[in-house]
Amino acid sequence: MWLRVDCRLNNRYCGRCCYKTEMPLSSEDIKRIEDLGYPRDHFLIWRKGLPRLRNTDGHCVFLDVTSGKCTIYPHRPEGCRLYPLIYMRARGVMVDPLCPKANSIPISDVRRLAPVLIKLIRKLEEEYCVKLL
Ligand code: SF4
Ligand code: SF4
């Protein structure tokens, strides 16, 4: 269901997309992370009408900077599971060229998961009364 990316680069995990993240959080994401025992204020910040992952020292609070790994990987937000698929108003669903593994994403995965990303964006629109598409 989600996008599988081999994020290993030079004997560690890349983690680039976890710096200065603006990843929005669905209500399911928030509940799943709270159920791990993290208080909402620890990981959530509101920006541009959406709850988003909080950064500390320029990176997501859940990034282990030493290893480059996500410390809540099995519970990470839906948007993180779909990255490097992104939605741009002018271009629709595309692979983010900022991801070093962008060229390794098969077009079949993009086609398969584009509707999943659009569904997630529609859910965020409904939950938070914002226009994203
Ligand atoms: S930027 Fe790409 S390769 Fe790097 S951690 Fe994110 S998805 Fe993986
Ligand atoms: S939740 Fe995990 S995968 Fe998502 S931005 Fe944070 S560290 Fe990266």
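A nonpolar core is a set of buried Ala, Val, Leu, Ile, Met, Phe, Trp, Tyr and Cys residues joined through side-chain atoms within 4.5 Å. Buried means under 20% relative accessible area, with a 1.4 Å probe and protein chains only; exposed means over 50%, and partly exposed lies in between.

## The model

This is a predicted model, in which local features need pLDDT of at least 70, side-chain atom pairs count only at pLDDT 80 or more, and totals for chains, interfaces and linings use all residues. Residues are numbered from 1 along each chain as its sequence is written, chains are lettered from A and ligands numbered from 1 in the order in which they are written, and side-chain values use heavy atoms, without hydrogens and water.

## The cores

The largest nonpolar core holds 29 residues. Phe43 and Phe62 have the most contacts inside it. The largest share, 8 residues, comes from α4.

Look at Phe62. A contact means heavy atoms within 4.5 Å. Setting aside neighbours within four places in sequence, Phe62 touches Ile33, Tyr38, His42, Phe43, Leu53, Lys69, Cys70, Thr71 and Ile72. A second, separate core has 5 residues, including Tyr83, Ile86, Met94 and Ala102.

## The two ligands

A residue is near a molecule if one of its heavy atoms lies within 4 Å of it. Around ligand 1 are Cys7, Cys14, Gly15, Arg16, Cys17, Tyr83, Cys99, Pro100 and Lys101. Around ligand 2 are Cys18, Leu53, Cys60, Phe62, Leu63, Cys70, Pro77 and Cys80.

Now sort them by class. Ala, Val, Leu, Ile, Met, Phe, Trp, Tyr, Cys and Pro count as nonpolar; Asp, Glu, Lys and Arg count as charged; the others, Gly among them, count as polar. The shell of ligand 1 has 6 nonpolar, 1 polar and 2 charged residues. The shell of ligand 2 has 8 nonpolar residues, no polar and no charged ones.

## The whole chain

The protein chain has 4 helices and 10 strands. These are DSSP runs, numbered from the N terminus: helices are H or I with at least four residues, strands are E with at least two. The order from the N terminus is β-β-α-α-β-β-β-β-β-β-α-β-β-α.

Of the 133 residues, 41% count as buried. The C-alpha trace spans about 40 × 35 × 25 Å along its principal axes. Among contacts between residues at least 6 apart in sequence, 64% join residues at least 24 apart.
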